[in-house]
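Hello,

Here is the structure we talked about. Please have a look at it first, then read the notes below.

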Amino acid sequence: MRKRYIADEYGEGPAFWDRNWQSSFVNWGKRPPVNEVLVKIMLRYIKPNMIILEGGCGDGRYVRYFKDMGFNIIGVDYAEETVRYLNKRFPDLDIRFGDIRKLDFPDGYFDAYYSGGVIEHFEEGLESQLLEANRVLKKDGLFFVTVPHMNFLRILSSKLRKGPQYRIDLDGRKSWYF
């Protein structure tokens with residue numbers, strides 16, 4: 001069994017993600033880069049008249065992408081500087097500051113919710129994120145979630161690394177494994 005040690009090297013979580021997203025603000029051209037396979041799957045189920053939430057929207061690329069396709073989409077992120085920057089750069093997008101565990105929307109507000117690589121980052125587990133997603137989704141709402149998975153290359157890479165390994169949690173803390 002590996003022991004876990006947490007180093008708060010990055011300070012407050014949102015500050016880490018603000019720095020992370022600053023490096024990804026690029027000139028996207030006509031459309032931001034998105035995972036085309038994911039989008040293709042989502043488009044089988046979502047319709048332009050639906051209200052969609054992206055929980056943990058980061059640099060806003062999926063909000064931009066779906067807005068440009070005519071969807072009614074709202075992005076929420078807890079990296080405050082990133083949200084301010086996105087609101088200034090893209091005033092036509094509805095991107096709000098918030099925590100996906102305590103969303104400022106009424107029960108049953110959204111037809112669909114997308115969360116890409118966000119819900120797995122919380123130290124206390126998944127319960128609060130999933131309960132909140134369920135709360136804001138309509139009765140027959142759609143919940144699209146992606147998380148990293150341990151494919152063959154990741155497993156091989158982890159076996160080949162020497163010394164301590166770490167991951168960075170959503171709260172910006174570095175977790176060390178020995």
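In helix H4 (residues 80-89), the buried residues include Thr 82, Val 83 and Leu 86. Seen down the axis of H4, its buried residues fall within an arc of 100°, so they line one face of the helix. What lies over them? The cover on the buried residues of H4 includes helix H1 (13-22), S3 and strand S4 (94-97). Keep in mind that this is a predicted model.

Now to strand S2, which spans residues 51-55. Five of its five residues are buried, so S2 is largely enclosed by the rest of the structure. Both of its faces are covered. On one side sit Ile 51, Leu 53 and Gly 55. On the other are Ile 52 and Glu 54. Each of these residues is buried.

Which strands pair with S2? One is S3 (residues 72-77), joined to S2 by five bridges. S2 and S3 run parallel. The chain gets from S2 to S3 through helix H3 (residues 61-68). This β-α-β crossover is right-handed.

Another is S5 (residues 110-116), joined to S2 by three bridges. S2 and S5 also run parallel.

In S5, Tyr 114 stands opposite Glu 54.

Best wishes

Technical notes:
Residues numbered from 1 in each chain as written. Predicted model: local features only at pLDDT ≥ 70, side-chain atom pairs only at ≥ 80, totals over all residues. Heavy atoms only, no water. Buried < 20%, exposed > 50% of the residue type's maximum accessible area, 1.4 Å probe, protein only. Helix = DSSP H or I, 4+ residues; strand = E, 2+ residues; numbered from the N terminus. Pairing = 2+ DSSP bridges. Right-handed = clockwise from strand over helix to strand, strands pointing away. Arc of directions from axis to C-beta. Contact = heavy atoms within 4.5 Å.
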